[in-house]
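Reader: Could you walk me through this structure and show me how the terms are applied?

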Amino acid sequence: MSAPDWHLTSPLYAGNAAYLEQFGDDALTPWLTQPLPGAAPASDAAQVAVLRLINAYRYLGVRKAELDPLRRFEPPPTPELDPEHYGLTEADLTREFETGSLFGVERTTLADILQRLRTAYCGHVGIEYMHITDVARKRWLQERIESAQGRFGVSTDLKKKLLKRLTDAETLEKFLHTRHVGQKRFSLEGGESLIPLLDQVIERCARHGAKEVVMGMAHRGRINVLANIMGRTIESLYEEPRHDHSNPGGPDIPLSGDVKYHQGFSTDFATPYGPVHVALAFNPSHLEIVHPVVRGSVRARQDRRGDVLGYEVVPVILHGDAALSGQGVVMESLNMSQTRGFRNGGAIHVVINNQIGFTTSDPRDVRSTLYCTDVAKMVEAPVLHVNGDDPEAVAFAVQTAVDYRYTFHKNCFIDLVCYRRHGHNEQDEPLATQPLMYRRIQAHPSTRTLYAQRLVDEGVLTQGQADDLVDDCRERLEHGESLSPPALSDFKETYSMDWGRFKGGPASEVPTAVPAQRLDFLGERITTLQHEIELHSRVQKVLDDRRRMRAGELPLDWGYAETLAYASLLDAGHNVRVSGQDSARGTFFHRHAVWHDQKRERRQSGVYVPLEHIHNQQGDFTIIDSLLSEEAVLAFEYGYATADPDTLVVWEAQFGDFANGAQVVIDQFIASGEAKWGRQCGLTLLLPHGFEGQGPEHSSARLERFLQLCAQDNIQVCVPTLPAQLFHLLRRQIVRPQRKPLVIMSPKSLLRHPASTSSLADLASGAFLPVIDDSLEPRNARRVVACSGRVWFDLEAARAARGLDDVALIRVEQLYPFPEAAFRAVLGAYPQAATFVWAQEEPMNQGAWYQTLHHLNHCAPGGRRFHYAGRPAAAAPASGYLSRHRAELEALLSDVLETPYEN
Ligand SMILES: Cc1ncc(C[n+]2csc(CCOP(=O)(O)OP(=O)(O)O)c2C)c(N)n1
Ligand SMILES: [Mg+2]
């Protein structure tokens, strides 16, 4: 059977063409498509048929809904919606039937039932919800849709308001078109209903008690949203940045700035139910990545308010139709949306479905799902498809979506079906690739024109009044006034964050030591069980060891030092949030932040989290075994950290190499967010890194990539080799009056290396050391070797084995900002040195070498130059053969310690 044409022509109903070609329509709904046997059903069979017909509308009515303002295609053939399909005849139309669970009427004629079903499900709102398994949620939606009967109960006041906001949206675009000719604005035209839609979303959320709305959106219509929702004046959006435009945190770092259709902003939005603080997140070009960032920012605000169910802070996430179905991070973000560590009480999702992505609109190319929103079904979110040319249907969809979100604390999607009046941007020529679509668009009156006419016809206002709205708006624009509802001057957001406390510019050193007595107290808290719990013997051993570390009987390992760092921050009232795959236990069985009772289920208090038991006034400790995602989880944590500078936010990769699955977050947000947008962020990344014979993947966290991103004091890159170093680093991240992302190449085998330990005294005094001098102090050293990370331990052992006393081994523990003063001072302590070597275990094209060379040479005394000693350049980071790894290491050690280098 070949697929019907509509599958191949309508971007609204794209499907997997190959699949449909093979199986035809039946493939989509096999359980509904079998006609009842026999021509005329017996009367109770007719009753059954009627109930099946009602059910069919609930599932498939959406396919006949009038969603496309352009009406380019016939709706797809859906025989399941015809009574004949079930053997019902014309004669049955006047017969009365029980309606089962149909809302509004218990018994009526088939003709009436059909009429009700068509108005409820096949009008300007088409709903998909029967994929929801929870009966209460389904029944709630059924009641809404079936009792509305396609009548949206819009008051005259609301009608006028909808028209006004539509007018604002359209007039703004026209104004920009003439005022800022040739400038890309990614016009909203064709989708102007977005403005009344957002207006209604915020108002409806306020009615439910929202205090904050955080929005994320891409380029399309962003300038319109900035002006019409966020209250930015056009002048402020289009003015050239002044030359004194600098990072609000410090004058040393000029903002690089960003294009106007990426700008974020926040404002206080006036609604009849009180003001709502609305924030629009800064956005990079990369579509959809802002989705998890918004979720993280919302979660931070919810945590701050103790808003567990998300009543006070609501994420509103906008999507393009092509991006929503194309980008994998959407699936990751939805997957996290109901989990304990990442949930928000549901988001309102809005799709600006203009039925095209850049130039691509042919359903055979655009996606393999029926609707662009089908990914929503994985979390059983309802989808309200709505015709963008009917603002009243849009308002109804908004009310339903927001009420649903507040009733069930789950995600809901609004698919605003519209079109794009111009090309992808205003310089684009859409007729070149979409001639038929665009000819139709050219002939199609605007949404405002159509709605104004409708209201005039209804007698809601006169044509003159409708025209006045346009003139008023134009005038306000001419006068440089804001178009959004006036912000209330007396509204002070109680929970807004004071970022003024944090300075930009180069980070300063601060004391991070914790007095021995306090360490002892904290040690007692984190090694004491408040109630009976039977630990696994290996965990019991960890606990016993930690008790001995507290008593000074064992040197401190990494797990204990890290736990003490968190304990000390919690003790001071800061919050700590750590997330990553298996982070609670630790990939390497080293952290054990959560203890599991061997006899009880987790839910029956079978877990114990020692860091929650410091004292009553402590900060919140959250540790999350995250879902298996890097991109969405890291983006979420970035969003969290940028919304809350008082929480130490740590993201841990299971192995450092996996971080590149989140490269867009690293490049677009972490490395450049402050420079582009002035957004400070104290996010910490723990990336296990080290060449230990584990093959090409798990060896490298791609240190070189992070170093290549470093400039203008944007991030910090550290490679601590001792537990005390990690302790001070983590504390420094919060104690210091700066918020800079911190990338830590974290230990793997070093976690259990007998030489990689610290003492309590190391935590009770000192601070993080960016450079660690050789503890043997071979002052007559002829050769000075500098390195970073675990290779130092191999070098030290090899030096001892060779009995060398004229080689100094220096550790650079912070690679960026490069500690030139400290490094120079250490080098200066070896006046006999003639040879300077940089040693690394990473291949030459990787690791720190090329990115650090200039710093090294800059610090070398007497114009000397550092020599490279290590593996040659390689395509894969490390060998998969252990024997080869060992041979390479041996060669490296000889090169570093013995090879003569000419100066
Ligand atoms: C991750 C990513 N890939 C590619 C692009 C380039 N790009 C910008 S807009 C666009 C089309 C987007 O289509 P859609 O999501 O439907 O939004 P619309 O422009 O139609 O509103 C593309 C491919 C991008 N910005 N981000
Ligand atoms: Mg699109």
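Predicted model: local features only at pLDDT ≥ 70, side-chain atom pairs only at ≥ 80, totals over all residues.

Reader: What makes S11 and S14 a pair of strands?

Author: Strands (E, at least two residues) and helices (H or I, at least four) are DSSP runs, numbered from the N terminus. Two strands pair if DSSP finds at least two bridges between them. S11 (residues 575-580) and S14 have five bridges, in the parallel sense, so they pair by that definition. Here Ser-579 stands opposite Ile-624 in S14.

Reader: In which order do the seven strands form the open sheet?

Author: The order is S14-S11-S15-S16-S18-S17-S22, with mixed pairing. Strand S14 (621-625) and strand S22 (814-816) are called edges because each has a single partner strand, leaving one side without a neighbour in the sheet. S15 pairs in the parallel sense with S11 over six bridges, and with S16 over three bridges. Val-576 faces Leu-648 in S15, while Val-650 stands opposite Thr-684 in S16.

Reader: Why is S15 called largely enclosed?

Author: Buried means under 20% relative accessible area, exposed over 50%, and partly exposed in between (1.4 Å probe, protein chains only). Six of the six residues of S15 are buried, so the rest of the structure largely encloses this strand. In a regular strand the side chains alternate between the two faces of the sheet. In S15, Thr-647, Val-649 and Trp-651 are buried on one side, and Leu-648, Val-650 and Glu-652 on the other.

Reader: How do you know which atoms coordinate the magnesium ion (ligand 2)?

Author: Donors are N, O and S atoms within 2.8 Å of the metal (3.2 Å for Na, K and Ca); water is not among the atoms, so sites may look incomplete. Asp-321 (OD), Asn-354 (OD1) and Ile-356 (O) coordinate this ion at 2.0 Å, so they meet the cut-off. Along the chain the donors follow the spacing D-x32-N-x1-I. Asp-321 in helix H12 (residues 321-326) and Ile-356 in the loop between strand S8 (348-353) and helix H14 (363-366) are 35 residues apart. Asp-321 has 5% relative accessibility, so it counts as buried; Ile-356, at 4%, counts as buried too.

Reader: What is known about the backbone at Glu-288 and Asp-582, and is each buried or partly exposed?

Author: Neither is a glycine, yet Glu-288 has a positive phi of about 75° and Asp-582 one of about 60°. Glu-288, in the loop between strand S6 (276-280) and H11, has a relative accessible area of 6% and is therefore buried. Asp-582, in the loop between S11 and strand S12 (595-596), has 38%, so this residue is partly exposed.

Reader: Which peptide bond is cis?

Author: The bond from Tyr-816 to Pro-817 is cis, with omega near -10°. Pro-817 is in the loop between S22 and helix H30 (820-828).

Note on methods:
Residues numbered from 1 in each chain as written. Chains lettered and ligands numbered in written order. Heavy atoms only, no water.
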